[in-house]
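Please keep the sequence and the model in view while reading.

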Amino acid sequence: MTPKLYRNPRAQTHTLRTSQNPARDFHRKLFSSHSPTPLTSLPSIAKEIGVAHVFVKDESLRFGLPAFKILGASWATFCVLAQRLEIKIEDIDLDAFKEQLRCRGEGLTLYTATDGNHGRAVARVAALLDLKSKIFVPAAVSELSRDRIRSEGAEVVVVQADYDEAVKMAAVEAGDHGILIQDTAWPGYEEIPRLIVQGYTTLFSEVDERLVEEDLQPSLVVVPVGVGSLAHSAVQFYRSESYPPLQGPPPSILTVEPDTAACLNTSLHAGQSTPIETGYTIMPGLNCGTVSSTAWPDLHAGVDLSVVASDTEALKAMEDLNDLGIQAGPCGAAPLAALRALPSDVLDGSMVVVLICTEGQM
């Protein structure tokens, strides 16, 4: 039986020293025609749960894609290429940047492994830069998801194995000649996953910018977990010594995973990173068996609460969000399922809860 509720009463005392992160300004400049994704109030859910406010950060349409993943994929790819071209990231002009890449004549290919959305995001960034992309997907990824990745101009390689094995194959194929843009880390491969985590902080910056307009700050932020990179970004953002709340403590962070792929929840209960075998879930983007090595220390120290959700619970949450006008997919709906799974002693009537809906319907 997979452990369920995990509590860390010391999580809010975990403080990180983080340098200035220009990812938010980069995304504003690169995708200037796109507005921030909406933060929508759900008063009926707040009443059901017994809190002051519930908001959902709706990532169902982020820069023209149905998920948040392009935030990390774009930031990491541009940072790596800017370093190669010896250009400051804040000085990048897209057309000039593409011309410099062409002049280098390297014929670069971006590689990654994916359960769907991350691979499509990497492929979109490659197309934006006139680069090739090669995306490895586990056999369980649907043909529809594969076709959507192909629609971005990518070559899709189907791996007759699980996500972890697909990652290994993508890394081998990339070798020394391509660039692996992977959102999970392991010893010897850490820089790009860290950059991806940095890129995701744009999402949390937008949440706070919107709440400040209403003189509010989050009490609880609920984040779905695959390998843990988005949750790591939440910890880095809200546990930073420079995080400036209006008043009171920073928010608690609640993570949620499928009950058939709860690598973080299992690891938190064990007190050490613990790879697991995963099973089928309707939440394919969360179907990961190993926590990213760079994410684990901060997740262990900085996550307040962790729960798991069944497919049935995620489906019910998805249907309820859809009825409220939020076109969430099952991964994006998992935070609502997590909120409903919390015991009453965790919540109170003054809380401001933010659900991170990571993806729309596929």
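A polar contact is a pair of N or O atoms within 3.5 Å; within protein, one must be able to donate a hydrogen and the other to accept it, and residues adjacent in sequence count only if both atoms are side-chain atoms. The model is predicted, with local features requiring pLDDT of at least 70 and side-chain atom pairs counting only at pLDDT 80 or more, while totals for chains, interfaces and linings use all residues. Residues are numbered from 1 along each chain as its sequence is written, and side-chain values use heavy atoms, with hydrogens and water left out.

**Asn287**

- Asn287 sits in the loop between α10 (263-270) and α11 (296-302); helices (H or I, at least four residues) and strands (E, at least two) are DSSP runs, numbered from the N terminus.
- Asn287 counts as buried because its relative accessibility is 17%; buried means under 20% relative accessible area, exposed over 50% and partly exposed in between (1.4 Å probe, protein chains only).
- The side chains of Asn287 and Thr278 form a polar contact of 3.1 Å.
- A polar atom of the Asn287 side chain lies 3.4 Å from the backbone oxygen of Gly279.
- Leaving aside residues up to four places away in sequence, Asn287 is in contact (heavy atoms within 4.5 Å) with Asp115, Tyr163, Ala261, Thr278, Gly279 and Thr281.

**Helix α10**

- Of the 8 residues of α10, 6 are buried, namely Cys263, Leu264, Asn265, Thr266, Ser267 and Leu268.
- These buried residues pack against β1, β9, α11 and β10.

- Seen in order, the 7 strands of the open sheet are β1-β10-β9-β8-β11-β3-β2, with mixed pairing; two strands pair if DSSP finds at least two bridges between them.
- β1 (6-7) and β2 (39-41) are the edge strands, each with a single partner strand, so one side of each has no neighbour in the sheet.
- β1 runs antiparallel to β10 (residues 305-309), joined by 2 bridges, and Arg7 has Leu305 as its bridge partner in β10.
- β2 and β3 are antiparallel with 3 bridges, and Thr40 is partnered by Val56 in β3.
- β3 and β11 are parallel with 6 bridges, and Val56 is partnered by Leu355 in β11.
- β3 is largely enclosed by the rest of the structure because 5 of its 6 residues are buried.
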